[in-house]
Amino acid sequence: MGKITGFMEFDRKVEGYAPVEERIKNYKEFTEPLKENELKNQGARCMDCGIPFCHSGCPLGNLIPDFNDAVYQGKWQKAAKILHSTNNFPEFTGRLCPAPCEEACVLGINEDPVSIENIEKNIVETAFKNGWIQPEPPSKRTGKKVAVIGSGPAGLATAQQLNRAGHEVTVFERDEKIGGLLRYGIPDFKMEKNVIDRRLKVMKKEGIEFKTGVHVGVDVTATELKQDFDAIVLCGGATVRRGLPIPGSDLKGVVQAMDFLPQNNRKVDGIPYKGEELTAKGKKVIVIGGGDTGSDCIGTSIRHGAASVTNFEIMPMGTTERPEGQPWPFWPMRLRTSTSHKEGAERVFSISTKHFNGDKDGNLKSLVTVQVEWVTAPGQRPILKEVAGSEKEWDCDLALLALGFTGSETTIADQLGLEMDPRTNIKASVSNYKTNVPGVFVAGDQRRGQSLIVWAISEGRQAAHHVDTYLMGQSYLPLKGEGDLPRV
């Protein structure tokens, strides 16, 4: 695929970024796209590798060598068709996915891998620019009605696929606007919200109904859903946040990341928000948690005008190369530095927070940490041990907890009588996404736990196939590895 000798002729190249001092003044995306000839050269780097391990690296099973080759040949419309055959929303994944496909790229064994994610983003943006992405409503309706609960990537993918099968689909979202964490969790500097709205216009014209401000389980009961719909698909995500149960965690200034980030997104979008304003302006901010959410808190705090931003990570500092025991093509736990990290944050590894200190009025003023080390005995799980004499006090006005999620909320699950696993994920077979209640399915983080956007879209697509089969006895909706089949 691509140019036979392309991987020997061209070096990896990705989008550039606006200077830090410019981009932190606003919340707009700050990437600087490559020129078309540069993108063709990147597509040319894709090797004729025989077995494209990028397919298995991608949870969606994207046909990566095929669209790379189309880009190299300048056949952008063909590339867009190939890309959309397995991925409903490449404009989301092209911005937000950590690109496990690139870690599985054969070229990546001894060279820089093909810049797959950047190529993907440019394919879909070219398609929108040229008007190639148009509504594709089904030619006929089945008369079956499906309720999709949650409008994140899993819910949107489920809805679009089931609509393509001819079912009448209604998506319920408890927030003011559609998008889930895409809208309220991801900062605009990573993905501006007009990217979501652009896709929603297409989906609405395809016949999907969206109901916002409806909290299923509260405003609409499980009984009502079962009466009104032939099938229900739960895509509510893993929204129960992990806390930090240490002394002082109730002080004013100890804030969950998923309170801080959604409020800021609402402010940027001009949406009213409840409660007191959460601001990092002029404050000494410590972000606890080294993942993507922590990175998002860093970039947002810097844009607020924080006096300083420090990032704590309990794990040791990773290596830039693959660590031992994590060989290609598996996903490596290596050191990853985001654009937000480069905007002025201090990173501290192998550190654990012991307690928060406040003033007489209950305001956070400092926190105390201890250095830690992970001790591994043969055949046993690593054990976290504190380093004696390593306690340190840090000045801190705002501590942002970016510690991930522990599972999904259970209100609707309890009403439906669904079985849960020990982590409060809803039990459902991966072979057909069915729960223990007939006609009720679950997909995305609400089934598998906190995961990647590509897994959410993949699960939504897979679940839609099985819902369609449940309703009609068979389905022409594609499963992973099949691409698009003829639609109704």
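A: A residue is called buried when its relative accessible area is under 20%, exposed when it is over 50%, and partly exposed in between, using a 1.4 Å probe and protein chains only. The model is predicted, so local features need a pLDDT of at least 70 and side-chain atom pairs count only at pLDDT 80 or more, while totals for chains, interfaces and linings use all residues. Residues are numbered from 1 along each chain as its sequence is written, and side-chain values use heavy atoms, with hydrogens and water left out.

The domain assignment, whose bounds come from an automatic or database source, gives domain 1 (6-130), domain 2 (145-239 + 406-472) and domain 3 (244-401). The centres of domain 2 and domain 3, taken over C-alpha atoms, are separated by 30 Å. Their contact (heavy atoms within 4.5 Å) takes 13 residues from domain 2 and 14 residues from domain 3.

The interior itself is described through nonpolar cores. A nonpolar core is a set of buried Ala, Val, Leu, Ile, Met, Phe, Trp, Tyr and Cys residues joined through side-chain atoms within 4.5 Å. The largest such core has 67 residues, among which F67, F92 and I123 touch the most other members. Helix α18 (residues 453-472) contributes eight residues, the most of any element, to this core; helices (H or I, at least four residues) and strands (E, at least two) are DSSP runs, numbered from the N terminus. Because domain 1 and domain 2 both give residues to the core, it lies between them. A second, separate core has 20 residues, including A147, F172, V214 and F229.

Apart from residues up to four places away in sequence, F92 touches C97, L156, L182, M191, V195, I196, R199 and I453.

One of those partners, R199, also takes part in a salt bridge, which is a side-chain nitrogen of Lys or Arg within 4 Å of a carboxyl oxygen of Asp or Glu. The partner of R199 is E91, with the closest N and O atoms 2.6 Å apart. Since R199 lies in helix α12 and E91 in helix α7, the pair ties together parts that are 108 residues apart in sequence. R199 and E91 are both buried.

D197 counts as partly exposed because its relative accessibility is 29%, whereas R183 is buried, with a relative accessible area of 3%.

Another such pair is E343 and R303, joined by a salt bridge of 2.8 Å, N to O. E343 sits in the loop between β10 (308-313) and β11, and R303 in helix α15 (residues 292-304), 40 residues apart. E343 counts as buried because its relative accessibility is 8%; R303 is also buried, with a relative accessible area of 9%. In the whole structure, 29 salt bridges are found, and E29, R95, E125 and R198 are linked in a network of them.

D11 provides a contrast. D11 lies in the loop between α1 (6-9) and β1 (16-17), and it counts as exposed because its relative accessibility is 67%. Beyond its neighbours within four places in sequence, D11 is in contact with Q42 and R45.

S350 is placed in the loop between β11 (346-349) and β12 (351-358). Not counting residues up to four places away in sequence, S350 touches E313, I314, M315, P316, V370, Q371 and V372.
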